Amino acid sequence: MSDAEQPMDANDANDVREEETVADDEFEPVQVFPESEEMDLRPGSDDCYKCSTCDTNCPVAEVDDDFPGPKFQGPEQWRLKRKEDTDIDDSVMSCSNCMRCDSSCPSDVPLSQMHNTARGEYVENQMDKLSREYVRNRILANYRTMAELGSKVPRLTNFVMGNSLVQAVNEKVLGITSEREFPEFAEETFREWWEKRGGAATSEERAGRDDSRAERGGPQVRSEDKRVAYFHGCYSNYNTPAVGKAMVRLFEWFGYEVVVPKQRCSGTPMFANGMLADAKRAAGINVENFSGLVEEGYDVIASCTSCSMSLRQEYPELFSYDGTASVAAHTYEALEYLRLHEDLEAELEDAEVDAGEFAYHAPCHARNQGLAGQAVEVLDGLDGANAEDVGDSCSGISGTYGWKDEKYETSMEIGSEMFEHMERTDAETGMTECPTCAMQMEHGTGYEIRHPLEVLEEALVGEGSN
């Protein structure tokens with residue numbers, strides 16, 4: 001395997017080998033809309049019997065009468081395209097990629113996979129590459145590139161992006177809404193903190209370990225049995241490093257050896273904007289760097305539910321890199337992993353924290369992984385903290401969707417139910433595992449938003465942790 005701590009640029013990504021065969025058919029990627037006339041779909045994808053359950057669970061279709069819904073975007077378009085050579089309907093770009101249709105379908109039709117593939121074909125073959133929409137979507141989809149530059153001079157970037165004139169220009173020129181406050185960059189990224197802590201250093205302390213692990217380095221705890229590789233994602237690295245720090249400290253408190261390999265964006269915003277070539281490059285790097293760690297006994301942990309969803313579901317559905325299946329099978333959301341492998345209830349019995357009341361929102365991508373409400377259940381056993389679930393409505397922002405000027409009002413209308421439920425609780429602080437849901441919650445209510453990992457770290461690890 002390649003050294004997971006060494007950076008890989010875009011050119012290197014082109015060298016990542018695509019596997020010719022896949023051991024497990026469950027993870028075999030398919031082409032829903034290939035250029036050939038053959039339509040090879042995952043088993044069961046043609047089982048749609050038009051019950052319209054997906055449409056009734058679609059938050060966009062609920063508020064936008066012009067959006068035909070996920071049934072049309074998936075099975076109906078597929079059937080139409082199989083019969084005749086037709087273009088992809090441009091309404092596919094109005095899908096927010098919340099993926100609620102997947103979990104609601106009684107026949108397990110791979111709706112989001114079909115949407116992702118259709119969106120990719122639409123962008124590749126039908127969208128004007130010089131159009132404002134394409135340029136805007138490409139910028140939003142590749143947030144990591146902008147964040148990497150902006151985080152070099154965070155104070156200056158925050159000042160410029162927070163300027164109302166700059167926001168007005170962005171809206172006029174690019175179509176990025178001026179209604180939202182641009183997320184601030186941290187003065188120290190998570191990876192900078194990790195390296196200062198010893199994460200990238202090679203020391204005499206590691207001399208007894210093999211070279212690849214020594215260079216990967218950084219764990220404060222050594223373990224042959226309890227090992228995790230942290231997929232921090234873009235937002236926890238550049239904007240909210242406190243979440244990443246909480247994750248590391250909490251897992252180390254439970255005795256886990258934590259490593260943080262080099263990585264790219266999970267690809268979630270790229271899937272949502274039809275930038276599949278960009279997503280494929282990022283996936284190649286991530287699979288290459290994490291699959292070797294999985295072979296060494298590490299599980300992959302994400303603190304963002306959209307990141308874990310991407311590695312678990314979208315990678316194996318769309319790509320066939322060597323190691324994709326093993327990464328998907330060993331990826332977990334952080335709190336989910338602790339609940340599966342540790343006795344959290346017992347540990348929290350004697351713990352206490354002065355956190356107060358929380359209005360908790362379960363992200364759509366958490367619900368799709370069966371993780372809805374897990375934070376509420378965990379905090380029920382913690383003295384000094386209480387979380388009230390504010391319902392199963394979508395937050396409405398759906399990553400980059402709510403940042404588009406033409407989608408802003410739709411985004412806020414979808415989120416209105418969540419805002420109302422939050423304001424009905426006794427809480428004045430919100431809680432969620434998704435960074436963009438956190439943006440929407442704060443934007444719609446003015447509440448401070450925290451991640452469940454931050455509260456657990458405060459309760460169990462406490463003050464004075466490095």
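This is a predicted model: local features need pLDDT of at least 70, side-chain atom pairs count only at pLDDT 80 or more; totals for chains, interfaces and linings use all residues.
## A charge over a ring

A charge is said to sit over an aromatic ring if NZ of Lys or CZ of Arg is within 6 Å of the ring centre and within 35 degrees of the ring normal. With that in mind, take a look at Lys-226: its charged end sits over the ring of Tyr-256, 4.6 Å from the ring's centre.

## Aromatic rings together

Take Phe-190 and Trp-193, whose ring centres are 5.6 Å apart and whose planes lie at 40 degrees. Planes under 30 degrees apart would count as stacked and those over 60 as edge-to-face, so this pair is tilted.

Both partners belong to helix H11, which covers residues 190-196, and being 3 residues apart they are separated by about one helical turn. An α-helix has 3.6 residues a turn, so residues three or four places apart point the same way. Phe-190 is buried, with a relative accessible area of 0%, and Trp-193 is buried too, at 9%. Elsewhere, Tyr-143, Phe-182, Phe-185 and Trp-403 make up one aromatic cluster.

## Where two helices cross

Next, follow helix H6 (residues 111-125) to helix H17 (residues 305-318): their axes come within 11 Å and cross at roughly 60 degrees. That angle makes H6 oblique to H17. The crossing of H6 past H17 is right-handed. On the H6 side, the contact is made by Ser-112, Gln-113, Asn-116 and Thr-117, while H17 brings Gln-313, Glu-314, Glu-317 and Leu-318.

Helix H17 is also the place of Ser-310. Is Ser-310 buried or exposed? With a relative accessibility of 0%, Ser-310 counts as buried, because the cut-off for that label is under 20%. Setting aside neighbours within four places in sequence, Ser-310 is in contact with Ser-266, Gly-267, Thr-268, Phe-271 and Tyr-315.

Finally, visit helix H25, which spans residues 452-460. How many of its 9 residues are buried? The count is 8, and the helix is mostly covered. The buried residues are Pro-452, Leu-453, Glu-454, Val-455, Leu-456, Glu-457, Ala-459 and Leu-460. Just after H25 comes Gly-462, which takes a positive phi of about 75 degrees.

Methods:
Residues are numbered from 1 along each chain as its sequence is written. Side-chain values use heavy atoms; hydrogens and water are left out. Rings of Phe, Tyr and Trp (its six-membered ring) pair if their centres lie within 6.5 Å; planes under 30 degrees apart count as stacked, over 60 as edge-to-face and the rest as tilted. Helices (H or I, at least four residues) and strands (E, at least two) are DSSP runs, numbered from the N terminus. Buried means under 20% relative accessible area, exposed over 50%, partly exposed in between (1.4 Å probe, protein chains only). Axes are lines fitted to C-alpha atoms, for helices over the stretch in contact, and angles run from 0 to 180 degrees between N-to-C directions. Angles under 35 degrees count as roughly parallel, over 145 as roughly antiparallel, 65 to 115 as roughly perpendicular and the rest as oblique. A crossing is left-handed if the near helix is turned anticlockwise from the far one by less than a right angle, and right-handed if clockwise. Contact means heavy atoms within 4.5 Å.
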